[in-house]
Amino acid sequence: MKPSVQSILITESQIEKRVHELGKQISKDYDKSDLVLICVLKGAILFFADLIRTLAVPARYEFVQLASYHNDTKSSGVQMIQGLYQDLFRADVLIVEDIVDTGMTLDFLLNHIESFEPTSVKVCSLLDKPDRREVPVTIDYLGFKIPNSFVVGYGLDFAQHYRNLPYIGVLDGDSVALGS
Ligand code: PRP
């Protein structure tokens, strides 16, 4: 049995309002830039699709797919499943994430993108869970800071489910711990 959504943490209208605010700020900051937005699959897809449609600048966009894994020895790693196709040399890159948790995915991606020698690299994340941070990373554009709860929806999953929910919900904690 899958765990159920216990409560709604961020509603659909709260997300919509914040996405428009972020889009307005990004449009202002990147006016006259060669902006390349990088969507980090799969989690960021809904946020990315909504965010880019609020932008008033003629941006390019790209997709990368990364997967993080954690094992018993507490060593962790990030694997690149799908890489970048466009040349990012001298581009103004904005990474778009759904959530920053330990910071390892973002740290990996930032190092990878720096190797293309872009003019700038910044980060936009819908959610930040600072209590879980293991690697320090800077989030330049943030939607919401959230507590250390297991959240799903608007791209975020539990065992690949719940990504399609239009809001951010908190899963029932006991069933998550049991992996049911
Ligand atoms: C999630 C999320 C971020 C990353 C954040 O991706 O989309 O990319 O974890 O966690 P971190 O800060 O601890 O690295 P995940 O690897 O679960 O893949 P997904 O996006 O396909 O769900």
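Mentor: Start with the place of the ligand: the ligand sits in the largest pocket. Here a pocket is an open set of points on a 1 Å grid over the protein atoms alone, where a 1.4 Å probe fits, with protein on both sides within 12 Å along at least five of seven lines. A molecule sits in a pocket if more than half of its atoms lie within 2 Å of the grid points.

Keep in mind that this is a predicted model: local features need pLDDT of at least 70, side-chain atom pairs count only at pLDDT 80 or more, and totals for chains, interfaces and linings use all residues. Residues are numbered from 1 along each chain as its sequence is written, and side-chain values use heavy atoms, with hydrogens and water left out.

Now the shell. The ligand is surrounded by 17 residues, each with a heavy atom within 4 Å of it. Glu 97, Asp 98, Thr 102, Gly 103 and Thr 105 are the closest. By type, the shell holds six nonpolar, five polar and six charged residues. Asp, Glu, Lys and Arg count as charged; Ala, Val, Leu, Ile, Met, Phe, Trp, Tyr, Cys and Pro as nonpolar; the others, Gly among them, as polar.

Which elements build it? β3 (60–70), β5 and α3 (104–114) each supply at least two shell residues. β5 gives the most, with four. Helices (H or I, at least four residues) and strands (E, at least two) are DSSP runs, numbered from the N terminus.

Next, polar contacts, meaning pairs of N or O atoms within 3.5 Å. A polar side-chain atom of Thr 105 is 2.5 Å from a ligand oxygen. Gly 103 brings a polar backbone atom to 2.8 Å from a ligand oxygen. For Ser 68, a polar side-chain atom lies 3.2 Å from a ligand oxygen. The ligand alone exposes 500 Å², and the protein buries 85% of that. These areas come from the Shrake-Rupley method with a 1.4 Å probe.

Last, the backbone. Most residues other than glycine have a negative phi, and most peptide bonds are trans. Leu 41 and Lys 42 are joined by a cis peptide bond, with omega about -5 degrees. Lys 42 is in the loop between β2 (35–41) and α2 (45–52). Arg 90 has a positive phi, near 65 degrees. Arg 90 lies in the loop between β4 (76–82) and β5 (92–100).

Notes
Polar contact = N/O pair within 3.5 Å; in protein donor to acceptor, adjacent residues only side chain to side chain. 1 Å grid on protein atoms, 1.4 Å probe; cavity = no way out; pocket = protein on both sides within 12 Å on 5 of 7 lines; lining within 4 Å.
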